[in-house]
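Here is a short briefing to read alongside your model. Keep the 3D view open as you go through the points.

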Amino acid sequence: MIRAEKLASVGRLSAGIAHEIGNPIGIVTGYLDLLKQVDLAPEERVEYMERAQREIDRISTIIRQLLEISRPSPAGSHRVSVHSLLEDMAEVLNVQPFMSHVHFYLRLDAPDDAVVADTNQLRQVFLNLIINAADAISARNDVTRGELVVSTENRGTDGAVGGDGKPWLLVRFSDNGTGIAEENLRDVFDPFYTTKEPGKGTGLGLSVSFMIVESFGGRMEVDSTVGHGTTMTVVMPVSRSAGQPVAGRPVTGHLSEETPVAASTPPAFRADRQTG
Ligand SMILES: Nc1ncnc2c1ncn2[C@@H]1O[C@H](COP(=O)(O)OP(=O)(O)O)[C@@H](O)[C@H]1O
Ligand SMILES: [Mg+2]
């Protein structure tokens, strides 16, 4: 597995922001100048306003994504059941048009699925990965059946991951989309790296996700083969409360207000999907 070692540094991020936000601001200023002309045809006026609006929308998207980074706070963190969160998300995603071409499966096999995290941020990370997978499947025209499998597994001291005695939870997002060329694997976590059209991608999803996962004491890894697909793995420390059996399900009662832990999790969950 190839480890993503390039974490976006704040410095690189700032330079990127200055550039990515500076450009649309320049464009908006240009359209405002044009709009000052007195002899504009009404449809020209409308067009300039609409173009300026699109640039402003782009700026707000970038800012919204950047806010995800500044929000991590230990105060917002609880013990969260990753399985419950994924099951909740699957229900919502089933009816989303952007997922209509994707067969979405959950294989939630990890006995210990509790982590300490901010639920909203963790949901944001998972959503970023799912949207990327859906995009990669759409971008592929030689595949008839788009598939995204989200699976979980625990690894301990003796596994490939960790080594400090802490148990880990691995959450894998495996798609059969376009895949990523080997020479680009190191770039995907860089801020503003995108292969999508302007307006479709900002290149912030993975860099922001990486920082969020790091703030939970974890990291992200990518493994991909062009023409086969991509696996993005989120690795986080398992949270075990004192006195609980190691092999058992970790939690009874509520992990957080939003994500009560299910008594049991089906080993494989086929999400029903509406076409549309
Ligand atoms: N599952 C995936 N399959 C193929 N390529 C991917 C996948 N996830 C991410 N990428 C690549 O990494 C780039 C950066 O992803 P991201 O940071 O989420 O930004 P964005 O989605 O806005 O482009 C994408 O543009 C794409 O080239
Ligand atoms: Mg993305």
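Is the crossing of H4 and H5 left-handed or right-handed? The crossing of H4 and H5 is left-handed, meaning that the near helix is turned anticlockwise from the far one by less than a right angle. This is a predicted model, where local features need pLDDT of at least 70, side-chain atom pairs count only at pLDDT 80 or more, and totals for chains, interfaces and linings use all residues. Residues are numbered from 1 along each chain as its sequence is written, chains are lettered from A and ligands numbered from 1 in the order in which they are written, and side-chain values use heavy atoms, leaving out hydrogens and water.

**H4 with H5**
- H4 packs against helix H5 (residues 205-215) at about 145 degrees, with the axes 9 Å apart; axes are lines fitted to C-alpha atoms over the stretch in contact, and angles run from 0 to 180 degrees between N-to-C directions.
- Contact (heavy atoms within 4.5 Å) involves Gln 121, Val 125, Asn 128, Leu 129 and Asn 132 of H4, with Gly 205, Leu 206, Ser 209, Ile 212 and Val 213 on the H5 side.

**Ligand 1**
- Of the 20 residues around ligand 1, those that come nearest are Asp 175, Thr 194, Thr 195, Lys 196 and Leu 206; a residue counts as near if one of its heavy atoms lies within 4 Å.
- Lys 196 places a polar side-chain atom 2.7 Å from an oxygen atom of ligand 1.
- A backbone N or O atom of Leu 206 is 2.8 Å from an oxygen atom of ligand 1.
- For Gly 203, a polar backbone atom lies 2.8 Å from an oxygen atom of ligand 1.

How values were computed:
Polar contact = N/O pair within 3.5 Å; in protein donor to acceptor, adjacent residues only side chain to side chain. Helix = DSSP H or I, 4+ residues; strand = E, 2+ residues; numbered from the N terminus.
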